[in-house]
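Subject: Structure handover

Dear colleague,

Here is the structure we talked about handing over. My notes on it follow below.

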Amino acid sequence: TPEFLPVITAVTLTNGALRMARVHVIVKRLAAIQNLGSIDVLCSDKTGTLTSGIMTLERRVDAFGDAAEHPLRLACLNSRFESGIRSPLDTALLACDVPDDGYQKLDEIPFDFERRRLSVVVGKDGDRRLITKGSPEGILALCASYATAGHEESFDAESLTRARGVFEDLEGEGFRVLAVAHKGVDSGRAFSKDDEAGLTLAGFLAFSDPPLPDAARALA
């Protein structure tokens with residue numbers, strides 16, 4: 001009868017909560033039990049739950065996937081001179097302890113979630129350089145050339161496809177990937193996001209967040 005429906009619902013949900021309690025799960029809101037029973041896929045933030053939350057630099061490669069140190073040196077300069085809160089990727093980069101080679105910070109184009117990148121302008125002995133790091137898709141779209149084997153070449157359709165394949169393969173292996181690009185700039189002026197164009201792609205950095213020892217048991 002309709003009058004008993006609230007009672008039946010409450011008893012049924014309570015029974016579900018008791019079943020959860022037997023496997024050491026506390027249910028704060030009974031209505032959540034109904035939703036739990038409808039779930040096919042449960043998504044959870046892995047950081048600190050399944051993984052350590054400590055990013056580790058695993059690979060540093062040029063535009064075509066060959067091992068290269070130049071992207072790391074540029075990224076470390078970017079991370080060292082950026083202001084604001086450093087991300088776990090910045091922490092991993094700075095842990096590499098790459099020297100700054102005497103560069104000084106001249107300007108910064110801060111990170112925002114629309115651009116998904118951050119740029120700093122550094123200088124040393126007359127060399128003024130804008131260094132940008134961020135999402136591979138966004139950075140690649142700003143690059144007119146790439147650096148590999150000690151020289152620079154202009155991007156064409158084939159080389160652009162190869163470079164895109166490199167970071168997509170790294171992401172496919174489960175890595176978090178940063179792209180690093182740069183270009184020479186004039187000094188004595190303020191810089192803006194409009195200056196993030198005509199860049200040279202230095203390469204990609206691949207990071208991993210190692211799983212916790214009990215991650216397999218937690219998933220099971």
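Which residues of α6 are exposed on the other side of the helix? They are Ala 157, Glu 158, Thr 161, Asp 169 and Gly 172, where exposed means over 50% relative accessible area, buried under 20% and partly exposed in between (1.4 Å probe, protein chains only).

This is a predicted model, so local features need pLDDT of at least 70 and side-chain atom pairs count only at pLDDT 80 or more, while totals for chains, interfaces and linings use all residues. Residues are numbered from 1 along each chain as its sequence is written, and side-chain values use heavy atoms, with hydrogens and water left out.

The average pLDDT (the predictor's confidence in each residue, from 0 to 100) is 93 for the protein, and 100% of the residues score at least 70. Confidence is lowest in helix α2 (residues 31-37), with a mean of 84, and highest in β8, at 98. Helices (H or I, at least four residues) and strands (E, at least two) are DSSP runs, numbered from the N terminus.

Buried in α6 are Ser 159, Ala 163, Val 166, Phe 167 and Leu 170. Seen down the axis of α6, the buried residues fall within an arc of 80° (taken from the directions from the helix axis to the C-beta atoms), so they line one face of the helix. After α6 comes Gly 174, with a positive phi near 95°.

As for cysteines, there are zero disulfides, a disulfide being a pair of cysteine sulfur atoms within 2.5 Å. Cys 76 is buried because its relative accessibility is 1%. Its sulfur lies 5.3 Å from the closest cysteine sulfur, in Cys 96, too far for a bond.

Regards
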